[in-house]
Amino acid sequence: FQSIAMYNAKSGDFIYSNGGTWDLKGNIMTEKVEFDTANSERVGDIVTFEIKITNDKLSLPDSDWHFSKIDDGTPGDLSGAWLMSGRFRNGEKQMRSTDIPRKTMKILSGTRFQWIAFDTEKKEFKGTGGGTYTTIEGKYSEKIEFFSRDNSRVGMNLEFDYNLEMGNWIHKGKTSKGNQLHEIWEKRKK
C-alpha cells in the first residue's frame with residue numbers, strides 16, 4: 001500500500017495525494033489507484049510505470065519525481081497500513097467491515113504517518129492529514145504537518161493511549177477538535 005502526499009512544508013497547505021495497492025516486478029511498478037485528489041476518474045485504474053532504485057533514492061525515469069528514504073520502518077511499533085475497523089461509543093464496541101469501499105486508512109513508516117479517508121465505489125476522496133509520530137511507553141504521539149480539511153490543525157501535537165490486542169491497534173484519546181475517541185484499527189491485508 002502506498003500514498004503520496006504533497007503539501008507546503010512551511011504553511012502546511014495541502015496540495016495533492018494519491019495512492020493504492022502496488023506490486024513490483026523488476027523495475028516495473030503496477031498500482032491500482034484507490035484515491036487521487038487531482039483526478040477522481042483515475043480511481044480503479046491500473047497504472048504501470050518504470051522505477052529506478054539507487055541507494056536510498058527512488059525515481060521515476062520518465063518524470064521529475066524523485067523520492068528519498070526517510071526511515072527503515074523503525075522504531076515503528078505500528079509501521080504498516082491500518083484500516084479503521086471499529087470504535088467504542090458510550091462504552092459499547094461497534095465493529096465495521098474493512099471490506100467495504102468506504103475506508104479510513106492510516107499508513108505509518110517508522111516515524112511518519114498519513115491517514116486517508118476515501119470511497120473507491122463512489123470515487124470520492126474524503127480527507128487526509130499527516131506528519132510525524134512516536135510510540136513510547138504506551139503513548140502514540142503525532143505532530144500534524146498537513147490536514148486537507150482544516151489548515152488550522154497544522155502544528156498541533158496530539159497524544160493518545162495505544163496498545164496492540166490480538167493484532168489490533170487500540171487507539172484512545174482526543175481528536176484535533178477535542179472530542180473523545182476510542183478506535184480499533186486492524187492491519188490491512190488487501
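**View 1. Lys174 sits in strand β15.** Strands here are DSSP runs of E at least two residues long, helices are runs of H or I of at least four, and both are numbered from the N terminus. This is a predicted model, in which local features need pLDDT of at least 70, side-chain atom pairs count only at pLDDT 80 or more, and totals for chains, interfaces and linings use all residues. Residues are numbered from 1 along each chain as its sequence is written, and side-chain values use heavy atoms, with hydrogens and water left out. Lys174 is partly exposed, at 44% relative accessible area; that label covers the range between buried (under 20%) and exposed (over 50%), using a 1.4 Å probe and protein chains only. Look for Glu159 too: its C-alpha is 7.8 Å from that of Lys174, although the two residues are 15 apart in sequence.

**View 2. Glu34 and Arg188 pair up in a salt bridge.** The term stands for a side-chain nitrogen of Lys or Arg within 4 Å of a carboxyl oxygen of Asp or Glu. Here the closest N and O atoms are 2.5 Å apart. Glu34 belongs to strand β3 (residues 28-36) and Arg188 to the segment after β16, so this pair ties together parts that are 154 residues apart in sequence. Both partners are tucked away: Glu34 is buried at 11% relative accessible area, and Arg188 is buried at 8%.

**View 3. Glu142 meets Lys106 in another salt bridge.** Their side chains come to 3.2 Å, N to O. With Glu142 in strand β13 and Lys106 in strand β10 (residues 102-108), the pair ties together parts that are 36 residues apart in sequence. Glu142 is buried, with a relative accessible area of 7%, and Lys106 is buried as well, at 5%.

**View 4. Asp23 and Lys25 show a salt bridge between residues that are not buried.** The N to O distance is 2.8 Å. Asp23 is partly exposed at 36%, while Lys25 is exposed at 61%. Searching the whole structure turns up 10 salt bridges. As a general point, side chains of opposite charge can pair when their charged atoms come close.

**View 5. The largest nonpolar core has 17 residues.** A core of this kind is a set of buried Ala, Val, Leu, Ile, Met, Phe, Trp, Tyr and Cys residues joined through side-chain atoms within 4.5 Å. Leu78, Trp82, Leu108, Phe113, Tyr140 and Trp169 are the ones that touch the most other members. At least two residues of this core come from each of β8 (80-89), β11 (112-119), β13 (139-147), β14 (157-165) and β16 (180-187). Off on its own is a second, separate core of 7 residues, with Phe35, Ala81, Met105 and Phe118 among them.

**View 6. Met6, Ile15 and Trp65 make a nonpolar patch on the surface.** Patch members have over 30% relative accessible area and no salt bridge, with like charges joined within 9 Å and nonpolar side chains (Val, Leu, Ile, Met, Phe, Trp, Tyr) within 5 Å. Trp65 is in the loop between β6 (57-59) and β7 (66-68), and is partly exposed at 33%.

**View 7. Arg96, Arg102, Arg149 and Lys177 form a positive surface patch.** Lys and Arg count as positive, Asp and Glu as negative, and His and the chain ends are not counted. Each charge is placed at NZ of Lys, CZ of Arg, CG of Asp or CD of Glu. Arg149 is in the loop between β13 and β14, where this residue is exposed at 53%.

View 8. Met166, not a glycine either, has a positive phi near 50° and is exposed at 86%.

Methods: Areas by Shrake-Rupley, 256 points an atom, 1.4 Å probe, with all protein chains shown as cover.
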